[in-house]
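User: I have a few questions about how the terms for this model are applied. Please set each value against its definition.

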Amino acid sequence: MVVIVFFTFIGIFLFSDLINAKSKMGLTIVAALVLGMIMGGGYDIPDYSMYDSMYTASIVNFNYSFDYKDSGQGGYSRNIGYTILNNIFGTLGLSYQEYKIFTSIILLLLLLLYIKKIVPKISFVLLLYVLYPFFMDIIQLRVFYTEVILLIAVYYLSKYDRNKLGVFVFCVLVMLSGMFHSMGWLWLLFIPFRLLLQSKKFKFISWLFIITGILLPVYASFISNSFLPIMYMMAESDVTAHYQIYTMRDTVRLGYLYVWGYDLALAGLLYKMKKIMIESSSTQLQKMFVTNTYNLFLFVICILPASAIATESFRWSRVLMIESYIALVIYTMYETNHIRRNLIAFCLLLVTILASYLNFYEGSSEFVLSSFVNNVFFDW
């Protein structure tokens with residue numbers, strides 16, 4: 001029953017957004033509250049007990065001198081920003097469940113408000129986000145933090161594209177995201193990569209890396225066999241034990257193919273959108289947002305060789321999916337060729353469905369229902 005009510009709300013939101021309802025800010029707030037109740041209220045989901053334990057440890061054991069070894073012994077997160085946030089809310093007396101509800105609503109509200117700054121109608125972006133990766137964000141909370149902060153960073157990079165302020169804000173925000181999940185630091189490398197793309201003199205270097213990434217299936221087995229033992233030797237014992245569980249499974253050893261296929265497909269679709277957007281009457285912000293999204297996917301293609309041994313590679317594209325949805329909505333607003341518009345929209349939707357199935361729904365679909373049924377707001 002709760003699931004039916006939830007998707008009925010999504011339908012009402014879509015309809016209200018399409019008919020230009022006056023109370024759009026009110027709708028946005030209600031959408032953040034509803035999604036926040038689902039995200040924050042669920043408790044019978046993977047990683048919940050781990051996050052709960054880290055939250056408790058951040059109150060009892062957190063050492064503000066902070067070092068990696070101390071975090072391992074203390075049981076709290078190695079990500080300093082996440083641990084400090086846990087410590088602040090825990091010290092205020094909130095339980096982990098209350099903390100998760102509050103932060104989920106705030107972050108979802110931020111997410112929707114920044115989407116609204118780029119496109120006037122957010123309903124289709126919201127619908128695609130609920131399809132994927134919303135239910136995965138419920139499980140992997142720190143990745144969700146990175147996802148939201150990265151979107152805001154790309155917004156400011158696009159808004160202030162013609163001066164250094166955009167780059168500065170982008171770098172500050174992605175460093176902030178790295179304090180919640182180490183993957184966030186990765187996006188700092190996008191700035192020099194972007195400069196290479198913009199430089200005619202050195203542009204061939206970036207394309208050399210991109211071609212190397214595109215050819216990944218040719219040499220992925222070599223990387224996997226050669227460098228995985230080195231990774232084991234260099235990693236801390238607890239990290240090694242954690243990742244050995246995954247790397248021994250064939251589905252993960254070949255998991256780079258999911259990332260590889262999705263990134264190539266999205267880059268191709270975004271390239272077509274970008275070319276059309278340059279000649280359109282869209283705003284400068286919208287043009288640069290589509291361009292930056294395209295460049296970000298090129299960047300991910302550039303670093304694809306690492307995905308042969310990095311299970312984290314699943315998340316490189318995932319945190320950019322909202323940007324690709326926004327780019328699609330911008331494109332459909334200005335595309336005059338209806339056949340081409342529908343074809344590109346269909347292809348993006350198809351690629352998203354395939355990626356979400358392989359990366360989440362194939363093995364974790366039961367947790368979608370669990371997010372509703374085993375939820376503090378609905379299980380009474």
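Analyst: A nonpolar core is a set of buried Ala, Val, Leu, Ile, Met, Phe, Trp, Tyr and Cys residues joined through side-chain atoms within 4.5 Å. Buried means under 20% relative accessible area, exposed over 50%, and partly exposed in between (1.4 Å probe, protein chains only). This is a predicted model: local features need pLDDT of at least 70, side-chain atom pairs count only at pLDDT 80 or more, and totals for chains, interfaces and linings use all residues. Residues are numbered from 1 along each chain as its sequence is written, and side-chain values use heavy atoms, with hydrogens and water left out.

User: Which residues touch the most other members of the largest nonpolar core?

Analyst: Among them are Tyr 82, Phe 135 and Trp 187, in a core of 109 residues. Helix 9 (residues 141-159) gives the most to this core, 14 residues. Helices are DSSP runs of H or I with at least four residues, numbered from the N terminus.

User: Why does Phe 135 count as buried?

Analyst: Its relative accessibility is 4%, so Phe 135 counts as buried. Phe 135 lies in helix 8 (residues 134-139).

User: What makes Thr 352 buried or exposed?

Analyst: Thr 352 has 0% relative accessibility and therefore counts as buried. This residue belongs to helix 20 (residues 338-364). Leaving aside neighbours within four places in sequence, Thr 352 is in contact (heavy atoms within 4.5 Å) with Leu 131, Tyr 262, Met 321 and Tyr 325.

Definitions and conventions:
Helices (H or I, at least four residues) and strands (E, at least two) are DSSP runs, numbered from the N terminus.
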